[in-house]
Amino acid sequence: MNYIKMSPLTGMVGYGGGGTGLTFKSGGGPKWYGDRALWGGGNSDGVGKQNFINYVAVPSPSNASDFGDLQSSKKWVTGAAGGGVGLFFGGDTGSRTDEIDQVTISTPANATDFGNLTNATEQGIAVSDATIGVFGNGTTNNGATNSMHKVTFATASNTTTWGGNTTEEGHSQGAGCSDSIWGLFAGGSGVQNGEIHYFTFATEANANDFGNLQRRKAEIGGSSDDTIGLFFGGNRNGLFDEIDKVTIQTTANASDFGNLTQATCQGAAAGNKDRALHGHGSIVGGDQTEVISYVTYTSPGNATDFGDLTDGAHAMPGAFAGD
């Protein structure tokens, strides 16, 4: 397959960016997804922790372009977006960090400081209803946590404590998805790593049981449209290529959606109202990948090659998409 190198969309305000005259195709106000997907940070064997941010136009399969850099090089970061703002939460810079990096999704540039997490945390989960972002789970200096914290995308600040917990036990390396009402936390490395829990953005309370993934696994990626949530790949004594599907406001066990182009863990996913993209990660044999693959939410099936990320093969990035 031949790929075309993308260049930054100079002057095209709104192509995958906020503050524009473009409207969201699905209507109903701001979204937690959009036509520009970004991956930031991660770890590359032989190179170490990365600060690169890459982006693609979700409707147009191609190689990625450089967006800018994070405030520091780090792995195990977590991403969420809303209202044209994208945030990368926490990570590992050599030690756990409480940094929250902010970008304006429409404008390629280096990330700036948004605020700080309540605790330095890596391997967490972040979800969004487009107005607030909720960050939970992960590993702190005191071990795995089940706490939840929130920010408002329009107001740069430190996180504040959410009034409930994600699960009964702390764990890390899971993934999330959401719609405008529910946020879902799934998988991870703790006792309950096959479980899915949900909460409502309007109610600061403990998360409730939703169902189970197809199997117990950690190091997964998650993405969603207005209705469907997908969880990609994973690891539990071996890597998986499976894609799990849930209907966000219907509590039930996940079902099989299809398969990635290769078994992968430690990747990250994002998308628009039509497509979910999964990129980076570790693959069989201990290698890492720069491959992006995609699926269409309404058409269960195997993933298709989208292109490559520009910053080389690595794993443990954060990702989000927006307009």
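I began with surface, for which accessible areas come from the Shrake-Rupley method with a 1.4 Å probe, and for residues only the protein chains shown count as cover. On that basis I noted an accessible surface of about 11600 Å² for the chain, of which 44% belongs to carbon and sulfur atoms.

I reminded myself that this is a predicted model, in which local features need pLDDT of at least 70 and side-chain atom pairs count only at pLDDT 80 or more, while totals for chains, interfaces and linings use all residues. Residues are numbered from 1 along each chain as its sequence is written, and side-chain values use heavy atoms, with hydrogens and water left out.

Next I looked up burial, and found that 59% of the 323 residues of the chain count as buried (under 20% relative accessible area, with a 1.4 Å probe and protein chains only). The C-alpha atoms fill a box of roughly 45 × 40 × 40 Å along the principal axes.

For secondary structure I recorded zero helices and 31 strands, where helices (H or I, at least four residues) and strands (E, at least two) are DSSP runs numbered from the N terminus.

Between strand 6 and strand 7 (residues 85-89) I noted five bridges, and Gly 82 stands opposite Val 85 in strand 7.

Note on methods:
Pairing = 2+ DSSP bridges. Buried < 20%, exposed > 50% of the residue type's maximum accessible area, 1.4 Å probe, protein only.
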